[in-house]
Amino acid sequence: MIPLEYYLVLSAAMFSVGLYGVLARRHAVLILLSIELMLNAVNINLIAFASYLHPAEFFGLIFVVFVITVAAAEIGLAIAIVLRLYRNRASVNVDDFTLMKW
Amino acid sequence: MNPLLLFFYAIGALSLVGAIGVVASRNVVYSALFLLMALLGVAGLYILLFAEFLALVQVLIYGGAVAIIVLFGLMLTRFRDTPVVLDNPQRPLAAIASIAAFFVLGVVVTATKWAPKVKELQPVKFGDFGNKLFSQWVVPFEIASLVLLVALIGAIIIARSEDRE
């Protein structure tokens, strides 16, 4: 059996890569892709913990169903917002939207 | 070597290469395709963890819906006109932050003594999964369907074109 720590370290690595993507990218859609990476890393963690530590009540697996659902809904809405933003401002560079900056 | 461990290394490498490709690629469409590769790698990891239903759901939703909608979003925002430099000027700080996060998470995870309850992973019986989802977790289930409805209506209203009669 694969030790639990392997899954957790892999999930931590994927989360950090997603974190770098959110912070370092300028294209709005690429930031959304990095958020999806972070959500998937969390999902791996949830399933690993549910399978290894609490196999009788598989709460982690059910939670993952809801995380996937909410992530899909969120990315649909976020792409709609990006499209509207592009239509109004002709740019998807997040550095260009400084209207609410102090 | 344990064949399961070999599979784990292969699928894990696939996911990580996909993840690094998302954040490091010069071309936005390549990033979207790398994300697809990473998410399918994660589906492989779910199969290794004996959660086959979730692997199916992952492939269907992420590979079938999220990847398509992301590619549509890229197409409709004229990705050909995006400048070549896709990264922020705060890239070094972001690298420091992500390496620090990985370090902290890795240390915490490997230092804790986990006590696995099983010797061998058992797949969850699909009937039990459905039972629990519809009996104990039915309220979050219904709320999730409401969330999807609201997201659907909201996306249509937000992205609708402006010329009205």
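A residue is called buried under 20% relative accessible area, exposed over 50%, and partly exposed in between. The exercises below use this definition on a predicted model.

**Exercise 1. Classify Phe50(B) and Ala90(A)**

Task: Find where Phe50(B) and Ala90(A) are placed, and decide how exposed each one is.

Solution. 
- Step 1. Phe50(B) is found in the loop between H2 and helix H3 (52-76) of chain B.
- Step 2. The relative accessible area of Phe50(B) is 30%, so this residue is partly exposed.
- Step 3. Ala90(A) has its place in the segment after H3 of chain A.
- Step 4. With 59% relative accessibility, Ala90(A) counts as exposed.
- Step 5. Now take the backbone angles. Most residues other than glycine have a negative phi. Phe50(B) has a positive phi near 60° and is a residue other than glycine. Ala90(A) is not a glycine either, and its phi is positive, about 60°.

**Exercise 2. Check the length of H2(B) and describe its ends**

Task: Compare the span of helix H2 of chain B with the expected one, then look at what caps its N-terminal end and what follows the helix.

Solution. 
- Step 1. H2(B) covers residues 28-48, which is 21 residues.
- Step 2. The expected span is 1.5 Å times one less than the number of residues. For H2(B) this gives 30 Å, and the reach from the first C-alpha to the last is 30 Å, close to that value.
- Step 3. After the helix comes Phe50(B), with its positive phi.

**Exercise 3. Find the buried face of H4(B)**

Task: Which residues of H4(B) are buried, and how are they arranged around the axis?

Solution. 
- Step 1. Helix H4 of chain B runs over residues 91-111; its 21 residues should span 30 Å, and the end C-alpha atoms are 30 Å apart, which agrees.
- Step 2. Ala94(B), Ser98(B), Ala101(B), Gly106(B) and Val109(B) are the buried residues.
- Step 3. These residues fall within an arc of 125° seen down the axis of H4(B), so they line one face of the helix.

**Exercise 4. Repeat the analysis for H6(B)**

Task: What do the buried residues of H6(B) pack against?

Solution. 
- Step 1. H6 of chain B has 22 residues (138-159) and reaches 32 Å, close to the 32 Å expected.
- Step 2. Ala144(B), Ala151(B), Gly154(B) and Ala155(B) are buried in H6(B). They cover an arc of only 100° around the axis, which puts them on the same side of H6(B).
- Step 3. Exposed residues on the other side of H6(B) include Val139(B), Leu146(B) and Ile156(B).
- Step 4. The packing partner of the buried residues of H6(B) is helix H3 (59-89) of chain A.

**Exercise 5. Describe the interface**

Task: How many residues of chain A and chain B take part in the contact, and which polar links cross it?

Solution. 
- Step 1. The contact takes 68 residues from chain A and 86 residues from chain B.
- Step 2. About 7000 Å² is buried between chain A and chain B, 77% of it on carbon and sulfur atoms. In chain A, Met1(A), Tyr20(A) and Arg25(A) lose the most area to chain B, together 10% of what that side buries.
- Step 3. On the side of chain A, helices H1 (4-24), H2 (28-52) and H3 each give two or more residues. H3(A) gives the most, with 22 residues.
- Step 4. Arg25(A) lies in the loop between H1 and H2 of chain A and is buried, at a relative accessible area of 1%.
- Step 5. A polar atom of the Arg25(A) side chain lies 2.8 Å from the backbone oxygen of Val22(B). The side chain of Arg25(A) also reaches the backbone oxygen of Ser25(B), at 2.9 Å.

**Exercise 6. Locate the salt bridge**

Task: Which side chains meet in a salt bridge, and how far apart in the chain are their residues?

Solution. 
- Step 1. A search of the whole structure gives one salt bridge over all chains.
- Step 2. The side chains of Asp95(A) and Arg26(A) meet in a salt bridge, 3.9 Å from N to O; the cut-off is 4 Å.
- Step 3. The pair links distant parts of the chain, 69 residues apart: Asp95(A) is in the segment after H3 of chain A, and Arg26(A) in the loop between H1 and H2.
- Step 4. Asp95(A) counts as partly exposed at 35% relative accessibility, whereas Arg26(A) is buried at 18%.

Note on methods
Residues are numbered from 1 along each chain as its sequence is written. Chains are lettered from A and ligands numbered from 1 in the order in which they are written. This is a predicted model: local features need pLDDT of at least 70, side-chain atom pairs count only at pLDDT 80 or more; totals for chains, interfaces and linings use all residues. Side-chain values use heavy atoms; hydrogens and water are left out. Helices (H or I, at least four residues) and strands (E, at least two) are DSSP runs, numbered from the N terminus. Buried means under 20% relative accessible area, exposed over 50%, partly exposed in between (1.4 Å probe, protein chains only). The arc is that of the directions from the helix axis to the C-beta atoms. Contact means heavy atoms within 4.5 Å. Buried area is the accessible area (1.4 Å probe) that two parts lose on being put together, summed over both. A polar contact is a pair of N or O atoms within 3.5 Å; within protein, one must be able to donate a hydrogen and the other to accept it, and residues adjacent in sequence count only if both atoms are side-chain atoms.
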